[in-house]
Amino acid sequence: MRTGARPFLVVLSLLVTAGCSGSRDQLLADLQSPRPEVRALAVKKLAEDARPDDLALFTRAAKDMASIVRGEAASALGKSQDPRVVDLLGELLEDSDVDVQGQAAMALAQVKNDKAKAYLTLQYGRRGRQTRQVIVQALKQANVPGAMAKVVAAESKAIWDRNLLALNEGSLPERVGAAEELGKSGRPDAFNRLVPLVRDSQVILAAAAVRGLGDLGDKRVVPAILPLLDESFPELRESAITALTRLQEPQAIPRLQAVAVEKSP
């Protein structure tokens, strides 16, 4: 009986192997299906086998026209935990579809190397609310301590650097916008960046710097702004009034009251 059972087991094993092979062949064929949901399911099923050779298939699927396929490809790439897929997942994190962005974020969390974490941190400030939430979740899953504080700080620094570059090298409209944004940042360094500009020859830039200093809330700037109340340029005077009002410095009150009297009929 044992002798007869052995051939039976061999045959059964061959049938199972053939069945698996046939199933895989079908999945490979499904990757060429005109139906996106079929292609997506094929990617998902192939990812369950975790074959290193399938990485090329998932890489191609990541470029699929259908977002549902790109999303499954992102998940499959993440499951591989292969460091070579990080750049591709970084691209998918910028996908036009937010669901794909989220799947790419969670996939990067599975890779867990420094480059993957850097992609997540960088893209936090560039993505919408839904993806931001997933990025924080992904960083936590990747064991990044203080994930929320880390990405917020990184975003703040990126905004600061961008505005500082615009202030130094941008066109006049860009410099005006940057001066105001630097003041709104609340960073102490903004004081030293903006004070020299209150006497800039470009009145529109000087006025923007004054508004920025008003938003900054550092009362050390009051002596530099008070003389501007006597300026002949209306925009500069209005900016000075607005800034001094926000700063609520007692020594500025008499001058503001005098200006109010001058304006009254």
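Me: Let us start with a single residue. Which residues is Q123 in contact with, leaving aside its neighbours within four places in sequence?

Reply: The structure is a predicted model. In it, Q123 is in contact with L93, E94 and I135 once the neighbours within four places in sequence are set aside. Q123 itself belongs to helix α7.

Me: Is Q123 buried or exposed?

Reply: Q123 has a relative accessible area of 1%. Buried means under 20%, and Q123 therefore counts as buried. A further spatial relation concerns E155: the C-alpha atoms of Q123 and E155 are 8.8 Å apart, although 32 residues separate the two in sequence.

Me: What is the overall make-up of the protein in helices and strands?

Reply: The protein has 15 helices and 0 strands. Of its 265 residues, 40% count as buried. As for contacts between residues at least 6 apart in sequence, 57% of them join residues at least 24 apart.

Me: What does L77 touch, not counting residues up to four places away in sequence?

Reply: L77 touches L55, F58, T59, A62, V85, L88, L89 and L92. Among these partners, F58, L89 and L92 are named with L77 as residues with the most contacts inside the largest core.

Me: How is the packing of two helices described?

Reply: Two packed helices are described by the angle between their axes and the distance between the axes. Take α6 and α7: their axes come within 8 Å and cross at roughly 150 degrees. Angles over 145 degrees count as roughly antiparallel, and α6 and α7 are therefore roughly antiparallel to each other. Their crossing is left-handed.

Me: Which residues make the contact of α6 and α7?

Reply: From α6 come A105, L108, A109 and V111, and from α7 come A116, Y119 and L120. By class, this contact has 7 nonpolar, no polar and no charged residues. L120 is also one of the residues with the most contacts inside the largest nonpolar core.

Me: At what angle do the axes of α8 and α9 cross?

Reply: The axes of α8 and α9 cross at roughly 125 degrees and come within 9 Å. These two helices are therefore oblique to each other, and their crossing is right-handed. In the contact, R132, V136, L139 and K140 of α8 meet A147, M148, V151 and E155 of α9. By class, it has 5 nonpolar, no polar and 3 charged residues.

Me: And how do α9 and α10 cross?

Reply: Helix α9 (residues 147-169) and helix α10 (residues 172-185) have axes that come within 8 Å and cross at roughly 140 degrees. The pair is therefore oblique, with a left-handed crossing. On the α9 side, W160, N163, L164, A166 and L167 take part, and they meet E174, R175, A178, A179, E181, L182 and S185 of α10. The classes here are 7 nonpolar, 2 polar and 3 charged residues.

Me: Where do A50 and N143 lie?

Reply: A50 is in the loop between α2 and α3, and its relative accessibility of 61% makes it count as exposed. N143 is in the loop between α8 and α9, and at 57% relative accessibility N143 also counts as exposed.

Terms used. Residues numbered from 1 in each chain as written. Predicted model: local features only at pLDDT ≥ 70, side-chain atom pairs only at ≥ 80, totals over all residues. Heavy atoms only, no water. Axes fitted to C-alpha atoms, helices over the stretch in contact; angles between N-to-C directions. Helix = DSSP H or I, 4+ residues; strand = E, 2+ residues; numbered from the N terminus. Parallel < 35°, antiparallel > 145°, perpendicular 65-115°, else oblique. Left-handed = near helix turned anticlockwise from the far one by under 90°. Contact = heavy atoms within 4.5 Å. Nonpolar A, V, L, I, M, F, W, Y, C, P; charged D, E, K, R; others polar. Core = buried A, V, L, I, M, F, W, Y, C linked by side-chain atoms within 4.5 Å. Buried < 20%, exposed > 50% of the residue type's maximum accessible area, 1.4 Å probe, protein only.
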